[in-house]
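Hello,

Here is the structure for you to look at. My notes follow below.

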Amino acid sequence: MRDFFRTLTGRAVLVTAATAVVAVIVTALVAVPVAVRSVNTQIRAELMDKTALAVELLADERPAARERIARRLRQDDIEIYLIRRGIADRAGLPERVVQRVAGGTVIDMRGPVDGRSSFIAGRPLSGRNSGVVLTKAASSGVAVRVLSSIWVALLAGLLGGILAGALLARFVTRPLALAAAAAGRLSTGDRSVRIARRGPAEAVRLADAINQLASDLQISEGRERDFLLSVSHELRTPLATLRGYAEALADGVITGEGTEQAGATMLGEADRLDRLISDLLVLARLEAADLPLDVVPIDLVELVREAGQAWTARCGPDGPRLVLELPGEPVMVDTDPGRIRQVLDGLCENALRVVPAGAPLVLAVRAGGIVEVRDGGPGFTDDDLAVAFDRGELNRRYRGVRAVGSGLGLALAARLVGRLGGGITAGHAPEGGAMFTVELPYRTRTIA
């Protein structure tokens, strides 16, 4: 039972039952006094009406008629007192009642008669110092009678409140139970689970949240699988090359001058593996928010000029035509120069892979802390731009169509720029290929 009342259903039943009990008690506290007051008011009104009738009947001087009137009144638990010459015909009435009625005052009051609380109604008679007084004992059992007449209704209300609480609890907890069951299925790996959008607005919102979560998990895990497949492919290619050359060297197939070329190839493939693993580690540290950053004021113009000098040699006569677009004055930003250079190198390496010989590769700096990397390569579609920075997405789309990397470079660039407080966007370059725009926190120049 204790465990039941720890549940939402149990607490809803408990609250509604308590509410019903309070409502019943309040109803009784209000209804009983009102009912008692109503009964008393009716008794006093009837008593006053009978005093008027008694006055008319007592005008008959015959003793038998008077006795008949008194007997009829006693049958209704009403006592009659006659006042002659200022004296009541028998003891019991308060003296002040006798005096007031004898003095010609009509009275309607409650007071003690023979030691009992009674209703008192009196009217003067036509004779001097004469009158008639009727009394009826106030019943102390009126409240009990009222309660006895309404207890069935009160009990029905209490039971109805408990039943309503149980139905309300079922209505409220059913969406929660469905959500809990769906979450349990999600935790076991079932991403097809969906909840029907029924019930109140809150239940519909809960169902939408669970359904959206399941859908996002399904999409995310699909992308994760594709990413792992592409990374596995990228790892396997240099490993296969290394293995092949290592076996050839071990078997003595490559000898003499061929060993130098084999060593150079193996070194290049090892560097490729090292870059891929480094990118994976940087991404992991970025997601864990523990990548160290050294943010300092730098001149973007100088940073891009140095990058251009390095990439001029790499482009060579058979590669793209590197173009620098630099303003004549410094563009100061607060950033980590090493990480920004890593971003620029990654963007240039992607371009170098697909841009044909002689096509432009542009590194540009704009006022406001903006760097652009544009090329004259095949570029991207509008759909590609929407997922350009998702890990492995472009690799999955263009593998086998054109030269692609590991699928980590753009994701890494987006995370790095974001950690540095900037932003990166992909678009269409005027040269016909892709354009990447990096915007960094701009340092406003001050004039000394």
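What share of the 448 residues of the chain counts as buried? The figure is 35%, where buried means under 20% relative accessible area with a 1.4 Å probe, protein chains only. This is a predicted model: local features need pLDDT of at least 70, side-chain atom pairs count only at pLDDT 80 or more, and totals for chains, interfaces and linings use all residues. Residues are numbered from 1 along each chain as its sequence is written, and side-chain values use heavy atoms, without hydrogens and water.

The chain has 11 helices and 12 strands. These are DSSP runs numbered from the N terminus: helices are H or I, at least four residues, and strands are E, at least two.

Now the cores. A nonpolar core is a set of buried Ala, Val, Leu, Ile, Met, Phe, Trp, Tyr and Cys residues joined through side-chain atoms within 4.5 Å. The largest has 41 residues. Leu300, Val343, Leu344, Leu347, Val438 and Leu440 touch the most other members. Helix H7 (300-315) is among the elements that give two or more residues to this core. H7 gives the largest share, 7 residues. Another core, of 16 residues, lies apart from it and includes Ile43 and Leu125.

Then helix H3 (residues 95-102). Its buried residues are Val97, Val98, Val101 and Ala102. Seen down the axis of H3, they fall within an arc of 125 degrees (taken from the directions from the axis to the C-beta atoms), so they line one face of the helix. Their cover includes strands E1 (79-84) and E4 (116-124). Gly104 follows H3, and its phi is positive, near 95 degrees.

Best wishes

Notes: Buried means under 20% relative accessible area, exposed over 50%, partly exposed in between (1.4 Å probe, protein chains only). Contact means heavy atoms within 4.5 Å.
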